[in-house]
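Subject: Structure for your review

Dear colleague,

Please find below the structure that I am handing over to you. I would be grateful if you could read the notes after it with the structure open beside you.

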Amino acid sequence: MEWKERKTYFTLALAFVALACVSVFMGCAAQRKAETLEQRAGALLGDFNIFQSAALHVGSDASVPEDVRRKVVSAAVALKPAVDQLDELLRSYIAIKAELDAATDTETKTRTQARLEVAAANLAAWITDITPKIRALRTTLEGAFR
Amino acid sequence: MIDTIAMILRALGVAASMPEVFGSKAEKLAPILATLASLAELPGETKREQDALLALVNSWVSEKRAPSTEELDNFKAVRESNHARLLELQSQLNR
């Protein structure tokens, strides 16, 4: 078999598998399903766990080149503090919302409502900030074979 | 099907590393094929995790509620456990 012919078969095989991998990673259906701020934040926390598992899988595979493994593992490690912060902001938002539901007098309701608005703005800002970072982690994983 | 693709890729990777099978130029493809095989093995597990997460988010949506403290604690426990393993792996890789 000529080199040119072999190269064609290899390229076809690579393209086929790349497509299969990307189609799975493109998922993230959970984030699209989420309707509220809390649900979106929760879906992001769940998605990050999935990408951590994927990074562990690729990072532990001795047959994968070391620089690729290192890059994938580092990306997952580096993003964890931001995800912890998202978790804290979400818990805080949920707690304030529960306080508002439990409030009986108007003054407490007004005060708690103002705190809830601040918490919602912080949570929304963090979601906006972290979403592309989690997407970048996915891209790193997808790009591991490029 | 993906498992079969992964197996084929592993076999191709081994074959590519042998110059007598695909020629010396194909040797360069061996690490690429190994990486692809590793990624191809991912979907089964990833799909299961994604399905579980999707079911959870669907339950939040249908019950019109936020994630419970218990659910957030579960996420956190998995995150911490994965992170500890990733840190260990990172230190091995940097040695």
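Predicted model: local features only at pLDDT ≥ 70, side-chain atom pairs only at ≥ 80, totals over all residues.

Chain A contains 5 helices and 0 strands, and its pattern along the sequence reads α-α-α-α-α. Of its 146 residues, 48% are buried. The accessible surface of chain A is about 7,200 Å², and carbon and sulfur atoms account for 58% of that area. If one takes the contacts in chain A between residues at least 6 apart in sequence, 70% of them join residues at least 24 apart.

Chain B has 4 helices and 0 strands, arranged along the sequence as α-α-α-α. Here 42% of the 95 residues are buried. The accessible surface of chain B amounts to about 5,200 Å², with 59% belonging to carbon and sulfur atoms. Among the contacts in chain B with a separation of 6 or more, 36% are between residues 24 or more positions apart.

**Helix α4 of chain B**

How does the span of helix α4 of chain B agree with its number of residues? The helix covers residues 69-94, which is 26 residues, and at 1.5 Å a residue it should span 38 Å.

The buried residues of α4(B) are Glu71(B), Leu72(B), Phe75(B), Arg79(B), Asn82(B), His83(B), Leu86(B), Leu89(B), Gln90(B) and Leu93(B).

Leu89(B), in helix α4 of chain B, has a relative accessible area of 8%, and because buried means under 20%, it counts as buried. Beyond its neighbours within four places in sequence, Leu89(B) is in contact with Leu56(A), Gly59(A), Ser60(A) and Val73(A). Lys76(B) also has its place in helix α4 of chain B, but with a relative accessible area of 33% it is partly exposed. With neighbours within four places again left aside, Lys76(B) is in contact with Asp87(A) and Arg91(A).

**The largest pocket**

Which residues line the largest pocket? From chain A they are Gly46(A), Asn49(A), Ile50(A) and Ser53(A). From chain B they are Glu49(B), Ala52(B), Leu53(B), Leu56(B), Glu71(B), Asn74(B), Phe75(B) and Val78(B). The elements that give two or more residues to this lining are α3 (37-60) of chain A, together with α3 (30-62) and α4 of chain B. The volume of the largest pocket is about 250 Å³. Its lining comprises 6 nonpolar, 4 polar and 2 charged residues. Glu71(B) and Phe75(B), both part of this lining, are also among the buried residues of α4(B).

**The second largest pocket**

The second largest pocket has a volume of about 150 Å³. Its lining is made up of Thr36(A), Glu38(A), Gln39(A), Ile94(A), Lys97(A), Ala98(A) and Asp101(A), with Lys64(B), Arg65(B) and Ala66(B) from chain B. In chain A, α3 and α4 (66-102) each supply at least two of the lining residues. The element that gives the most is α4(A), with 4 residues. By class, this lining holds 3 nonpolar, 2 polar and 5 charged residues.

**The loop between α3 and α4 of chain B**

Lys64(B), one of the residues that line the second largest pocket, is placed in the loop between α3 and α4 of chain B. Although Lys64(B) is not a glycine, it has a positive phi of about 50°. Is Lys64(B) buried or exposed? Its relative accessibility is 76%, and because exposed means over 50%, Lys64(B) counts as exposed.

Ser62(B) is found in helix α3 of chain B and is exposed, with a relative accessible area of 57%.

Ser62(B) and Leu89(B) are 27 residues apart along the chain, and their C-alpha atoms are separated by 39 Å. Leu89(B) and Glu45(B) are 44 residues apart along the chain, and the separation of their C-alpha atoms is 20 Å.

Yours sincerely

Methods. Residues numbered from 1 in each chain as written. Chains lettered and ligands numbered in written order. Heavy atoms only, no water. Buried < 20%, exposed > 50% of the residue type's maximum accessible area, 1.4 Å probe, protein only. Contact = heavy atoms within 4.5 Å. Areas by Shrake-Rupley, 256 points an atom, 1.4 Å probe, with all protein chains shown as cover. Expected span 1.5 Å × (residues − 1). 1 Å grid on protein atoms, 1.4 Å probe; cavity = no way out; pocket = protein on both sides within 12 Å on 5 of 7 lines; lining within 4 Å. Points joined across faces, edges and corners; volume = space filled by probe spheres on them. Nonpolar A, V, L, I, M, F, W, Y, C, P; charged D, E, K, R; others polar.
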